[in-house]
Amino acid sequence: MARIEIEDLYFSYRPEEEILKGVRLTLDQRPTAIIGQNGAGKTTFVKLLKGLLRPTGGRILLDGQDIAGLSAAKLASRIGMVFQNPNDQIFKNTVMAEVSFGPRQIGMPEDKMRICCQKALEAARLTGLEEKNPYDMGLSARKMVAIASILAMDTDTVIFDEPTIAQDHVGKERIRQIIRGLAGEGKSVIAILHDMDFVADVFERVIVFMEGRILMDGSVREVFADRDMLERAYLEQPNVTRLCHELGYRGVYLKVEELLHET
Ligand SMILES: Nc1ncnc2c1ncn2[C@@H]1O[C@H](COP(=O)(O)OP(=O)(O)OP(=O)(O)O)[C@@H](O)[C@H]1O
Ligand SMILES: [Mg+2]
């Protein structure tokens, strides 16, 4: 497992506009969701973690080492990131070429690579589609190709930027299983999400971003119980939580099962 510490992180694309304004946190084993309004700095933050952008202030430590001093290949073998838009990630003409590109790039031995690619294709339910051209596939299937190509690299940290966008119920369930599987293998999962029901269902820790700062960092229950804080961040509770509140229930219910269990 990777230990990632973020020390006083600042970032701006242009000198006159600060995007991240002193982000401090330590990531842990808990599957972690990052939520926050559009433009809060969530994608910018994970791009910094992945080394795609350089901080204008502060440091990111991976197992105690500043990532600024790590080679791109070294960092790529530790931290994988699935982009929000698969079209920004996919560039090969077959699913197999796409999925095996990353493992090859980080120098994974051939036999391990075969196993990792097969496992990633299975997890994304792409087995049998290896020779298909990703550009001939629909958006949700293309997203699965993008996910598989990151899973195949077997990194101990996996970041997802908006994984559930363009996914129907079946696709979301698949992504839920992928995230649970990664967590079960002891990998760190960090995901940016707008779907609060999915967050309540799948994640344990929630970090709320607002205007380039962390507004709250806590367990999924702590965060979704705090209606005032969520309102300040222009966020909503999960549907079940909101409904139960409106019906006058006392507790904080995160999922339908919790409610059924009690009544
Ligand atoms: N390449 C860029 N150049 C200049 N400004 C940028 C660039 N990318 C993002 N920004 C600005 O930085 C701010 C934070 O953007 P970011 O994409 O990190 O937000 P976000 O929280 O991921 O939002 P969303 O939920 O809409 O994806 C926004 O004001 C955005 O306009
Ligand atoms: Mg974003």
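Mentor: Let's begin with F101, which is in contact with K92 and S149 once its neighbours within four places in sequence are set aside. Two residues count as in contact if their C-beta atoms, placed from the backbone, lie within 7 Å. Before we go on, keep in mind that this is a predicted model, in which local features need pLDDT of at least 70 and side-chain atom pairs count only at pLDDT 80 or more, while totals for chains, interfaces and linings use all residues. Residues are numbered from 1 along each chain as its sequence is written, and chains are lettered from A and ligands numbered from 1 in the order in which they are written.

F101 sits in helix α3, residues 95–105. Helices (H or I, at least four residues) and strands (E, at least two) are DSSP runs, numbered from the N terminus. For a sense of distance, F101 and R30 are 71 residues apart in sequence, and their C-alpha atoms are 29 Å apart in space.

The largest nonpolar core has 77 residues, and A120, I147, A148, I159, V199 and V206 touch the most other members. Helix α5 (residues 139–151) gives the most to this core, with eight residues. Such a core is a set of buried Ala, Val, Leu, Ile, Met, Phe, Trp, Tyr and Cys residues joined through C-beta atoms within 7 Å. For I159, the contacts beyond four places in sequence are V46, L49, K50, I79, G80, M81, V82 and I190.

β9 runs parallel to strand β3 (residues 32–36), joined by five bridges, and I35 has V208 as its bridge partner in β9. With strand β10 (residues 213–219), β9 runs antiparallel through six bridges, and I207 stands opposite D217 in β10. Two strands are said to pair if DSSP finds at least two bridges between them. The hairpin of β9 and β10 has two residues between the strands, and E211 takes a positive phi near 45 degrees there.

There is also an open sheet of four strands, in the order β2-β1-β4-β5, with antiparallel pairing. β2 (20–27) and β5 (65–66) stand at its edges with a single partner strand each, so one side of each is left without a neighbour in the sheet. Strand β4 (residues 57–62) is joined to β5 by two bridges, with L62 opposite Q65.

Next comes helix α10 (residues 239–246), where V240, T241 and C244 are buried. Why do they line one face? Seen down the axis of α10, the buried residues fall within an arc of 100 degrees, so they share one face of the helix; the arc is that of the directions from the helix axis to the C-beta atoms. Those buried residues pack against α8 (220–225) and α11 (256–262). After α10 comes G248, with a positive phi near 90 degrees.

Two residues show this packing from the other side. F224, in helix α8, counts as buried because it has 26 C-beta neighbours inside 10 Å, and its contacts beyond four places in sequence are A200, Q237, P238, T241, V252 and L254. Y253 lies in the loop between α10 and α11 and touches V240, T241, C244, E258 and L259, again not counting residues up to four places away. Y253 is buried too, with 26 C-beta neighbours inside 10 Å.

Finally, look at ligand 1, surrounded by Y13, I19, G36, N38, G39, A40, G41, K42, T43 and T44. Here a residue is near a molecule if its C-beta atom, placed from the backbone, lies within 6 Å of it. Helix α1 (residues 42–49) gives the most to this shell, with three residues.

Terms used:
A residue is buried if 20 or more other C-beta atoms lie within 10 Å of its own, exposed if 12 or fewer, and partly exposed in between; C-beta atoms are placed from the backbone.
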